Each structure stands twice: as C-alpha cells, then as structure tokens.
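Here are my notes on the model you sent over. Have it open while you read.

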Amino acid sequence: MNILEETYKISADSEQQAQQIIDEYKANQRNGGYVLKKGSFELKEKKSKGEVIAQKYVVSLVLVKGELWEGIA
C-alpha cells in the first residue's frame, strides 16, 4: 500500500501568511518527499446580522507522494 496524494487545509490570519505557507511547501518539496500539485487559498468570512465579524484564509494544498505504477518497469 502506498500513499499517492495527501490533501491539507490550513488556516491563516492574512493573505500574506496564506501565500507564505504555499511558498514554504513549494520550497521544501525536494527535501520533503512530495510534489506540490496544487496550492491555493480562499477568504472565509463569518457574518452576524449581515456584518462581517471575522475573517480567515483557508489554504488548500495537494501533495503528490508517489505514483500508481511506481517501481514497475
């Protein structure tokens, strides 16, 4: 059994922090044993009575850890 992909969702307080998380995963993919297939972030807002009371960014990462036919010639 081999893990092919892993998906992570990470919260961030700002757009800059969200982008920094993606950049760190991009930079570490050679030593981390994965390939960053997809990295994106989305602003989420919590509203009360139509007014925004809180904001967070959700970073989505898809890491490829292996291939289906790995090791087969």
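1. Contact here means heavy atoms within 4.5 Å. Leaving out residues up to four places away in sequence, Leu61 touches Glu6, Thr7, Tyr8, Ile10, Ile21, Ile22, Tyr25, Leu36, Lys38 and Gly39.

2. A word on the basis: this is a predicted model, where local features need pLDDT of at least 70, side-chain atom pairs count only at pLDDT 80 or more, and totals for chains, interfaces and linings use all residues. Residues are numbered from 1 along each chain as its sequence is written, and side-chain values use heavy atoms, with hydrogens and water left out.

3. Leu61 also belongs to the largest nonpolar core, 10 residues in all, together with Ala12, Ala18, Ile21, Ile22, Tyr34, Leu36, Tyr57, Val59 and Leu63. (Such a core is a set of buried Ala, Val, Leu, Ile, Met, Phe, Trp, Tyr and Cys residues joined through side-chain atoms within 4.5 Å; buried means under 20% relative accessible area, exposed over 50%, partly exposed in between, with a 1.4 Å probe and protein chains only.) Helix 1 (15-27) and strand 3 (51-64) each supply at least two of its residues, and strand 3 gives the most, with four. Helices (H or I, at least four residues) and strands (E, at least two) are DSSP runs, numbered from the N terminus.

4. Now look at Ser60, in strand 3. Is Ser60 buried or exposed? Ser60 counts as buried, because its relative accessible area is 17%. Beyond its neighbours within four places in sequence, Ser60 is in contact with Tyr8, Lys9, Lys38, Gly39 and Ser40.

5. Leu68 sits in the segment after strand 3. Leu68 is exposed, since its relative accessible area is 60%.
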